[in-house]
Amino acid sequence: MKTKSMLNIFTGIGALVTVLSFLWWALVYHFVSKQNGESMWSSVNCLYSISTDCNFLRAMGWLRGVDPYEPLLFWMGLMMLLISRLVMSSLKKDSLVELK
């Protein structure tokens, strides 16, 4: 398989994982914030980190039967996306590998 197509596959997988993790976060925190009477967007920092408040909200969701959101999936998708794009950019600049 050619280098460009492999990098495009990894870019697509990274984007898909990032979008799916965002949707998982939105689903979990929609239900949890609905219980608290808050906006889902007030806990946007829980998308990429775990704080005491995020752990409390995750526990509330878990007690209601909602699988807790894990920010690790977001970071894995984002890193896969960024690394594949950086490698593609680097290969284009250096012309070490012809990307067809």
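# Contacts and helices in a predicted model

Glu-70 has a relative accessibility of 34% and therefore counts as partly exposed, the class between buried, under 20% relative accessible area, and exposed, over 50% (1.4 Å probe, protein chains only). The model is predicted, so that local features need pLDDT of at least 70 and side-chain atom pairs count only at pLDDT 80 or more, whereas totals for chains, interfaces and linings use all residues. Residues are numbered from 1 along each chain as its sequence is written, and side-chain values use heavy atoms, with hydrogens and water left out.

Glu-70 belongs to a charged pair. The structure holds 1 salt bridge, a term that requires a side-chain nitrogen of Lys or Arg within 4 Å of a carboxyl oxygen of Asp or Glu. Its partners are Glu-70 and Arg-58, whose closest N and O atoms are 2.3 Å apart. The pair links distant parts of the chain, since Arg-58 sits in helix α2 while Glu-70, 12 residues away, lies in the loop between α2 and α3 (71-94). Helices here are DSSP runs of H or I with at least four residues (strands, E, need at least two), numbered from the N terminus.

A covalent link comes next. The structure holds 1 disulfide, defined as a pair of cysteine sulfur atoms within 2.5 Å, and it joins Cys-46 to Cys-54 with the sulfur atoms 1.9 Å apart. The torsion about this S-S bond is about -90°, so the disulfide of Cys-46 and Cys-54 is left-handed. Both ends are covered: Cys-46 is buried with a relative accessible area of 3%, and Cys-54 is buried at 1%.

The helix α1 can be followed along its length. With 34 residues, α1 reaches 49 Å from its first C-alpha to its last, close to the 50 Å expected at 1.5 Å a residue, where the expected span is 1.5 Å times one less than the number of residues. Among the buried residues of α1 are Leu-7, Thr-11, Gly-14, Thr-18, Ser-21, Trp-25, Tyr-29 and Val-32. An α-helix has 3.6 residues a turn, so residues three or four places apart point the same way. Ala-26, found in α1, is buried as well, with a relative accessible area of 14%; Ser-89 is 63 residues from Ala-26 in sequence and 32 Å from it in space, C-alpha to C-alpha. Just after α1, Gly-37 takes a positive phi of about 75°.

A search of the whole structure finds 6 aromatic pairs. In one of these, the rings of Phe-74 and Trp-75 have centres 5.5 Å apart and planes at 75°, so the pair is edge-to-face. Rings of Phe, Tyr and Trp (its six-membered ring) pair if their centres lie within 6.5 Å, planes under 30 degrees apart being stacked, those over 60 edge-to-face and the rest tilted. Phe-74 is buried at 12% relative accessibility, whereas Trp-75 is partly exposed at 36%. Elsewhere, ring pairs link Phe-22, Trp-25, Tyr-29 and Trp-41 into a cluster.

Val-44 lies in the loop between α1 (3-36) and α2 (52-63) and is partly exposed at 35% relative accessibility.
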